[in-house]
Amino acid sequence: MPPDPEEFAELVLDVVERIPPGRVMSYGDIAEYLGLGGPRQVGRVMSTQGGGVPWWRVIRADGRPLPGHERRALERYAAEGTPLRPGGDRVDMRRARWDGS
């Protein structure tokens, strides 16, 4: 039985808070890690309740930061030493992805 929406949100936000500086997870990675929901459900939690956690560490699977917040996210990546792809406009998912361990 899936958790209620509030419980799901708490689980998502807990995972996001544990992502180390310089590392990222995609929306789908978080859903897979939890074994609940999917990328859209994680994205919904992040869009409505993610302001108090390191939101820049949750990105699209292609390594692009949150649309509309690219500049702020890229500043955070630079400060944390997050590996970026050539061109510097997206995260190098192979090097920066965190598996939750």
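Which residues in α1 meet which residues in α2? In this predicted model, the side of helix α1 that takes part consists of Phe8, Leu11, Val12, Val15, Val16 and Arg18, and these residues meet Ile30, Tyr33 and Leu34 in α2.

Helix α1, spanning residues 5-18, and helix α2, spanning residues 27-34, pack at an angle of about 115 degrees, and their axes lie 11 Å apart. Because angles of 65 to 115 degrees count as roughly perpendicular, α1 is placed roughly perpendicular to α2. The crossing of the two helices, α1 and α2, is right-handed.

Helix α1 also contains glutamate 17, which, when residues up to four places away in sequence are not counted, touches Val53 and Pro54. Glutamate 17 and glycine 100 are 83 residues apart along the chain, and their C-alpha atoms are separated by 11 Å.

As regards confidence, the chain has a mean pLDDT of 94, and 98% of its residues reach 70 or more. Among the elements of the chain, the lowest mean pLDDT, 95, belongs to helix α3 (residues 39-49), whereas the highest, 98, belongs to strand β1 (residues 25-26). Where pLDDT is low, the predicted coordinates should not be read in detail.

Notes:
Residues numbered from 1 in each chain as written. Predicted model: local features only at pLDDT ≥ 70, side-chain atom pairs only at ≥ 80, totals over all residues. Heavy atoms only, no water. pLDDT = per-residue confidence, 0-100. Helix = DSSP H or I, 4+ residues; strand = E, 2+ residues; numbered from the N terminus. Axes fitted to C-alpha atoms, helices over the stretch in contact; angles between N-to-C directions. Parallel < 35°, antiparallel > 145°, perpendicular 65-115°, else oblique. Left-handed = near helix turned anticlockwise from the far one by under 90°. Contact = heavy atoms within 4.5 Å.
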